[in-house]
Amino acid sequence: MQDILLVSDLSKTYASGFSALRNIHLAIRRGEIFALLGPNGAGKTTLISIICGIVNPSTGTVLVNGHDIIRDYRAARSMIGLVPQELSTDAFETVWATVSFSRGLFGKPADPGHIEKVLKALSLWDKKDQKIITLSGGMKRRLMIAKALSHEPQLLFLDEPTAGVDVVLRRDMWELVRTLRDTGVTIILTTHYIDEAEEMADRIGVIHKGEIILVDDKSELMRKLGRKQLVLQLQQTLKQVPSELSAYALELSNDGCELTYTYDTQSERIGIVALLKDLNDAGILFKDLRTTESSLEDIFVSLVRDDQ
Amino acid sequence: MNIHAIRAIYTFEMARTWRTLMQSIISPVISTSLYFVVFGAAIGSRIPEVGGVSYGTFIVPGLVMLSLLTQSISNASFGIYFPKFTGTIYELLSAPISYVEIVLSYVGAAATKSIILGLIILATAYLFVPLHIDHPFWMILFLVLTAVTFSLVGFIIGIWADGFEKLQVVPLLIITPLTFLGGSFYSIDMLPPFWQKVALFNPVVYLVSGFRWSFYGLSDVSIALSLAMTMAFLIISLTIVAWMFRTGYRLKS
């Protein structure tokens, strides 16, 4: 099936000379949850803003469901819902009025039934006649999502949806995103919380200093870059690692009670069996062992650090 | 044409008007009444008739113009500046809506409000002085053209302004002096010859003159010139707005 979003050779240099994006290529599959991961200032918001028409691209093209965002902006934009990072609302309007306004703005005829459905899904139905100024931060965040969903978009951008949101609400937000995906909406979310991407995304893209340095399936990414560690708890403390075991690059803990072996799950020879045998031969006995897997966070930190 | 969007913005803007209706109406009605008390009764009674109409009656078109200009500018500049200030402009920029549609809806709503106010002021004036309108069609035409033109000016100011001070400074430093010196309270032939020449560089003179002609058949400059100048301001404003949108001036980086 055709990709719902196709970004080709996109670059953005601001008037100040700051190069925010460089040669971005990105294809988003219909119906997936895609997490765009990157530190602050990496270019996540600029990329979204260009796709949504808020910032002009310097070079490159963006196709939304085959529609060019500049030549065919009406068709392209009417498919997109945007929830920006900032909670920008018309404080003195009611919830109902502002969500209805958004629907009209995106060229859809009034449909009270749909607005009702959206407000109910976001637990805002009982607040529909309240002025926005009276809502809590979490409710405002949900209201922003309601506005973005008011015109039944096929592609939803969530720019840091859980920034400044408490733990419970964060869980709710994740749940909501999954529910939306189940209704067929493609979701692109930006975050700098790794666990969020790990929890929700089907695929992950890492953006750093205006360049996409990696795009992959989440599981694939974790498998590919995942490093595992085997930690052995020794029966007797060790002063130093015997020289005949130097090939394994073992790390000995300060108290001499633990030996750590780091290995790559991708390599042909993992070496655990050989290691255990060699340990036995060397007369080093252990009473317990455990393995740990690196998280997406470790992967991310190592990626960004390598690049510097 | 995204009719739904135009309707959404227009209704949204007018909702703000209705919500603030009392303050939007009361203040111009009070200030107009004060003008009549001061200029119409207190001072006006000592001023002879101008071109066959009493001074109180003479200043009515000028007063309506005065409010129309200031209200058009403040409505339209606030209407587009406020979303920029609160950040809700993101939605407008990301919507499938053309620049023409944005201008139509924002300027249309601002002009509607100031036309309503202009008519209310006219009705208030009617309570104080005898009024007659010789050319109602022209009266409405000047009313609408002026409201639209100055709503466009307000829209330009609203996009240009990056703070509330700037929103105030143009109306305060440029528009108010121009309207006061634009013949609202006098016929320019009351001025010394040199200042009569200077007054002809003031665009407001043409608006007031044409508008007053539609009431009493009295004008400082010919009606054709008034209309031509009004249209010229309209076209200049439209050109600036078109340029702003084409370049994304202060809206898009």
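**Close-up views of the predicted model**

**View 1. A salt bridge between B:Asp162 and B:Lys166.** B:Asp162, whose relative accessible area is 54%, is exposed, and in this predicted model its side chain meets that of B:Lys166 in a salt bridge with an N-to-O distance of 3.3 Å. In chain A, salt bridges that share partners join A:Arg171, A:Glu175, A:Arg178 and A:Glu199 into one network.

**View 2. The salt bridge of A:Lys44 and A:Glu160.** The closest N and O atoms of A:Lys44 and A:Glu160 are 3.7 Å apart, and the pair links distant parts of the chain, with A:Lys44 in helix 1 (residues 44–52) of chain A and A:Glu160 in the loop between strand 7 and helix 6 of chain A, 116 residues apart. Both A:Lys44 and A:Glu160 are buried. Over all chains, the count of salt bridges comes to 23.

**View 3. The salt bridge of A:Glu196 and A:Arg170.** The side chains of A:Glu196 and A:Arg170 meet at 3.5 Å, N to O, and this pair links distant parts of the chain, A:Glu196 being in helix 7 (residues 194–200) of chain A and A:Arg170 in helix 6 of chain A, 26 residues apart. Because its relative accessibility is 0%, A:Glu196 counts as buried, and A:Arg170, with a relative accessible area of 16%, is buried as well.

**View 4. The open sheet of 6 strands in chain A.** The strands follow the order 6-7-8-3-9-10, and their pairing is mixed. Strand 6 (80–83) and strand 10 (211–217) of chain A stand at the edges, each with a single partner strand, so that one side of each has no neighbour in the sheet. From one strand to the next, the twist averages 15 degrees. Helix 5 (residues 137–149) of chain A lies across strand 6 and strand 7 (155–159) of chain A and runs at about 165 degrees to strand 6 of chain A, while helix 6 (residues 167–182) of chain A lies across strand 3 (33–37), strand 7 and strand 8 (186–191) of chain A, at about 155 degrees to strand 8 of chain A.

**View 5. Strand 9 of chain A and the strands with which it pairs.** Strand 9 of chain A is mostly covered, with 6 of its 6 residues buried; the cover extends to both faces, with A:Arg203, A:Gly205 and A:Ile207 buried on one side and A:Ile204, A:Val206 and A:His208 buried on the other. Strand 3 of chain A runs parallel to strand 9 of chain A and is joined to it by 4 bridges, with A:Ala35 standing opposite A:Ile204 of strand 9 of chain A. Strand 9 (residues 203–208) and strand 10 of chain A, by contrast, pair in the antiparallel sense over 6 bridges. Along this pairing, A:Gly205 stands opposite A:Val215 in strand 10 of chain A, and the bridge partner of A:His208 in strand 10 of chain A is A:Glu211. The hairpin of strand 9 and strand 10 of chain A has 2 residues between the strands, and in this hairpin A:Lys209 takes a positive phi near 50 degrees.

**View 6. The open sheet of 4 strands in chain A.** The order of the strands is 2-1-4-5, and the pairing is antiparallel. Strand 2 (19–28) and strand 5 (67–68) of chain A stand at the edges and have a single partner strand each, so one side of each is left without a neighbour in the sheet. Strand 1 (residues 5–13) and strand 2 of chain A run antiparallel and are joined by 6 bridges; A:Lys12 has A:Leu21 as its bridge partner in strand 2 of chain A.

**View 7. A nonpolar surface patch on chain B.** The patch is formed by B:Val37, B:Val38, B:Ile43, B:Leu127 and B:Phe128, which together have about 460 Å² of accessible area. Helix 2 (21–43) and helix 6 (99–128) of chain B each supply at least two of its residues, and the largest share, 3 residues, comes from helix 2 of chain B.

**View 8. The surroundings of B:Asn75.** B:Asn75 has its place in helix 4 (residues 60–86) of chain B and, at 10% relative accessibility, counts as buried. Leaving aside residues up to four places away in sequence, B:Asn75 touches B:Arg16, B:Ala110, B:Lys113 and B:Ser114.

Methods. Residues numbered from 1 in each chain as written. Chains lettered and ligands numbered in written order. Predicted model: local features only at pLDDT ≥ 70, side-chain atom pairs only at ≥ 80, totals over all residues. Heavy atoms only, no water. Buried < 20%, exposed > 50% of the residue type's maximum accessible area, 1.4 Å probe, protein only. Contact = heavy atoms within 4.5 Å. Patch = residues over 30% accessible without salt bridge, like charges linked within 9 Å, V, L, I, M, F, W, Y side chains within 5 Å. Areas by Shrake-Rupley, 256 points an atom, 1.4 Å probe, with all protein chains shown as cover. Salt bridge = Lys/Arg side-chain N within 4 Å of Asp/Glu carboxyl O. Pairing = 2+ DSSP bridges. Axes fitted to C-alpha atoms, helices over the stretch in contact; angles between N-to-C directions.
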